Amino acid sequence: VPRRIQRARHRVSVSECVAEMASQGSRGGVGRAIKRSSRRWLPSPATTRTMRMPSRRHNSEGLVCFAQDRENRETKGPQRSWAEEVYGEKAFRPEEKTQEAALNAQALSLDVAASIDEDRLRNEEDLVQGDELPEVSRGQVFTACVGTSVLFVLIAGWLRSFATAHGAPESLVSDPEGLGLKTGALALGCTAMVTLGRVALLSVNQDFARATRRSNDQVLSPLKPYDYVWLALLTGASEELLFRGALLPATTYDDWRAVLISAAVFGYFHRSGGRNWVFAIWSTVVGAVYGAAFVHSGNLLVPMVAHSCSNLASAAIWRDSNKRRGEQNKSDGGV
């Protein structure tokens with residue numbers, strides 16, 4: 001830029017010299033005019049050096065800027081492409097974008113399935129952890145079951161004497177053959193109803209599932225699979241003898257009132273042993289089903305068989321649940 005200014009000033013000085021020479025004529029002042037014009041328009045050596053310094057300074061600043069740009073490129077990484085500047089991502093083909101979307105959807109589904117499995121396992125662990133009952137041995141379970149059954153039979157004998165004194169029938173089995181076709185079908189129907197209701201309630205109510213698991217863990221854990229049979233028979237027979245065979249006729253009613261009273265007492269006694277009020281309500285409903293079956297058939301074997309089979313089905317459900325949970329834990333540990 002300074003050199004361009006100097007050339008322009010040189011051109012102006014020459015034209016000024018010519019004009020001044022024309023004005024002065026031939027008085028011999030051409031040399032003086034040229035000298036005067038050169039003094040007036042041409043820069044001195046000092047001025048020339050001063051004018052060239054900005055160019056040098058400009059060049060030095062340019063070198064500094066170039067070095068700074070180089071450092072910025074090294075620190076910020078490679079320069080982004082046009083697609084990255086405009087769209088915020090690298091250039092791609094449409095089929096690549098479709099494949100990427102499919103992979104993202106698959107990964108999302110896997111994450112959702114994994115989170116669901118984790119939540120299910122966490123809920124099952126919560127059912128097991130907290131408020132655990134003390135561990136017992138197989139002998140302790142057998143002793144407690146036999147002792148409770150003997151106590152129930154004694155109480156049932158006393159209540160039966162009271163009920164017969166107030167007009168209750170002495171026989172608890174109306175069918176001379178014991179369990180006929182109709183009564184057997186009724187017992188199986190009650191078993192299916194109670195078992196299906198238990199499975200449905202286990203899947204929707206966490207309080208009921210927690211109480212069921214806590215009680216079964218204490219009683220069934222030390223037992224062998226074949227022990228479930230005698231446990232189901234002892235509990236089913238003794239409880240039905242007390243609550244349906246003795247307590248129900250002892251109320252001096254022979255209709256739904258006797259069924260509800262015996263069912264309410266039956267549910268109240270199922271609050272203990274790690275159970276809660278949800279399990280007590282469920283036991284009340286189950287007791288009403290068994291009581292209605294006894295009143296309808298007049299045969300105590302119907303609720304006895306239904307109760308024993310339902311307990312056996314409950315033990316099988318608990319065992320299958322523990323087996324699946326163990327396999328799930330092994331697979332998680334292997335991964």
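Predicted model: local features only at pLDDT ≥ 70, side-chain atom pairs only at ≥ 80, totals over all residues.
**Helix packing**

Helix α10 spans residues 256-268 and helix α11 residues 277-297. They pack at an angle of about 145°, and their axes lie 7 Å apart. The crossing of α10 past α11 is right-handed. From α10, the contact uses Val259, Ala263, Ala264, Phe266 and Gly267. From α11, the contact residues include Ala280, Gly287, Gly291 and Val295. By class, this contact holds 8 nonpolar and 5 polar residues, with no charged ones.

**Aromatic pairs**

The whole structure has 7 aromatic pairs. Two of them are set out here.

| Pair | Centre to centre | Angle of planes | Geometry |
|---|---|---|---|
| Phe208 and Phe279 | 5.5 Å | 15° | stacked |
| Phe243 and Phe266 | 5.2 Å | 80° | edge-to-face |

Phe208 belongs to helix α8 (residues 206-220) and Phe279 to α11, so their pair ties together parts 71 residues apart in sequence. Both Phe208 and Phe279 are buried.

Phe243 sits in helix α9 (residues 227-250) and Phe266 in α10, so this pair ties together parts 23 residues apart in sequence. Phe243 has 3% relative accessibility and therefore counts as buried. Phe266 is also buried, with a relative accessible area of 3%.

**Cluster and charges**

Phe243 and Phe266 belong to a cluster linked by ring pairs, along with Phe152, Tyr268 and Phe269.

Methods:
Residues numbered from 1 in each chain as written. Heavy atoms only, no water. Axes fitted to C-alpha atoms, helices over the stretch in contact; angles between N-to-C directions. Helix = DSSP H or I, 4+ residues; strand = E, 2+ residues; numbered from the N terminus. Left-handed = near helix turned anticlockwise from the far one by under 90°. Contact = heavy atoms within 4.5 Å. Nonpolar A, V, L, I, M, F, W, Y, C, P; charged D, E, K, R; others polar. Phe/Tyr/Trp six-rings, centres within 6.5 Å; stacked < 30°, edge-to-face > 60°. Buried < 20%, exposed > 50% of the residue type's maximum accessible area, 1.4 Å probe, protein only.
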